[in-house]
Amino acid sequence: KRRVEVRDASGLGTQRLAAGGLAEAEKLARKALRLDPSAVDAYTVLGAVESRRGNLEAAGTHYRKAAELAPGNGDVLNNYGAWLCANGYPAEALVWLDRAMAVTAPGSRASALANAGSCALRSGQLERAEQDLRKALELDPVHPAALAQMAVLSFEQGRLLQARAFAERRLAAAPADASVLQLAVRIEQGLGDRVAASRYQQRLRAEFPEAVTDKTGEDPQ
């Protein structure tokens with residue numbers, strides 16, 4: 001009965017989290033942990049709650065606890081690796097992401113590969129970054145994060161036509177975010193396509209006005 005209660009509380013907490021109910025998600029996760037202090041899913045919910053609240057250190061503590069409790073769960077290891085990479089620990093992140101891939105079925109590694117590629121790119125390991133990102137796209141050709149990071153990598157290496165192709169694929173795969181539109185502006189400016197650059201700038205102003213900087217807010221000359 002207790003196991004069922006823990007499972008139900010954790011599952012409902014995940015649902016509330018997905019619906020944006022952070023306070024209720026936290027309450028349900030803590031209920032699960034009172035019943036079972038080793039409830040991995042509850043720690044994952046708390047990590048996501050604190051992350052969305054901007055409490056990054058607390059989020060990392062919860063993600064690490066979940067990873068330590070479930071060393072054979074690739075999704076849990078991937079979550080902690082992604083948190084490490086996003087918060088300035090790329091070398092340690094790659095260790096955890098490699099662990100995630102080692103315990104994840106080959107056909108289900110797209111997320112961990114995309115995170116590893118992104119982390120390798122941040123740490124300047126360009127060869128590994130491209131290798132991991134391309135593997136992720138072999139498994140999931142429309143993986144938004146892998147497409148976005150391949151666009152970044154291609155742009156940084158001066159492969160502007162390739163960067164454009166990946167940026168366009170990223171924008172077709174999922175709703176835009178500010179960073180991909182900003183990158184698209186820079187790519188088109190680099191290619192000398194003022195019309196395309198202006199089009200992306202207009203989208204950036206309309207969809208993410210708070211993200212417009214002087215650099216991306218000006219019309220290309």
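Helix H9 (144-156) passes helix H11 (178-191) in a left-handed crossing. A crossing is called left-handed if the near helix is turned anticlockwise from the far one by less than a right angle, and right-handed if clockwise. H9 and H11 pack at an angle of about 35°, with their axes 11 Å apart; axes are lines fitted to C-alpha atoms, for helices over the stretch in contact, and angles run from 0 to 180 degrees between N-to-C directions. Ala-148, Ala-151, Val-152 and Phe-155 of H9 meet Leu-183, Arg-186 and Ile-187 of H11, where contact means heavy atoms within 4.5 Å. By class, this contact of H9 with H11 has six nonpolar, no polar and one charged residues. Ala, Val, Leu, Ile, Met, Phe, Trp, Tyr, Cys and Pro count as nonpolar, Asp, Glu, Lys and Arg as charged, and the others, Gly among them, as polar.

The model is predicted: local features need pLDDT of at least 70, side-chain atom pairs count only at pLDDT 80 or more, and totals for chains, interfaces and linings use all residues. Residues are numbered from 1 along each chain as its sequence is written, and side-chain values use heavy atoms, with hydrogens and water left out.

H9 also packs against helix H7 (residues 110-122), at an angle of about 25° and with axes 9 Å apart. That makes H7 roughly parallel to H9; angles under 35 degrees count as roughly parallel, over 145 as roughly antiparallel, 65 to 115 as roughly perpendicular and the rest as oblique. The crossing of H7 and H9 is left-handed. On the H7 side the contact is made by Ala-114, Ser-118 and Leu-121, and on the H9 side by Ala-145, Ala-146, Gln-149, Val-152, Leu-153 and Glu-156. Six of the residues in the contact of H7 with H9 are nonpolar, two polar and one charged.

H9 and H11 also each supply at least two residues of the lining of the largest pocket. A pocket is an open set of points on a 1 Å grid over the protein atoms alone, where a 1.4 Å probe fits, with protein on both sides within 12 Å along at least five of seven lines; lining residues have an atom within 4 Å of a point. About 230 Å³ of space lies in this pocket. Its lining has 14 residues, with Ala-148, Val-152, Ser-179, Val-180 and Leu-183 nearest the centre. H9 gives the most, seven residues. The lining divides into seven nonpolar, three polar and four charged residues.

Elsewhere, helix H1 (residues 2-18) packs against helix H2 (residues 22-35) at an angle of about 160°, with axes 8 Å apart. That makes H1 roughly antiparallel to H2. Their crossing is left-handed. Residues in contact include Val-6, Ala-9 and Leu-12 in H1 and Ala-25, Leu-28 and Ala-32 in H2.

The chain as a whole has 13 helices and zero strands; helices (H or I, at least four residues) and strands (E, at least two) are DSSP runs, numbered from the N terminus. The C-alpha atoms fill a box of roughly 65 × 35 × 25 Å, taken along the principal axes.

Key:
Points joined across faces, edges and corners; volume = space filled by probe spheres on them.
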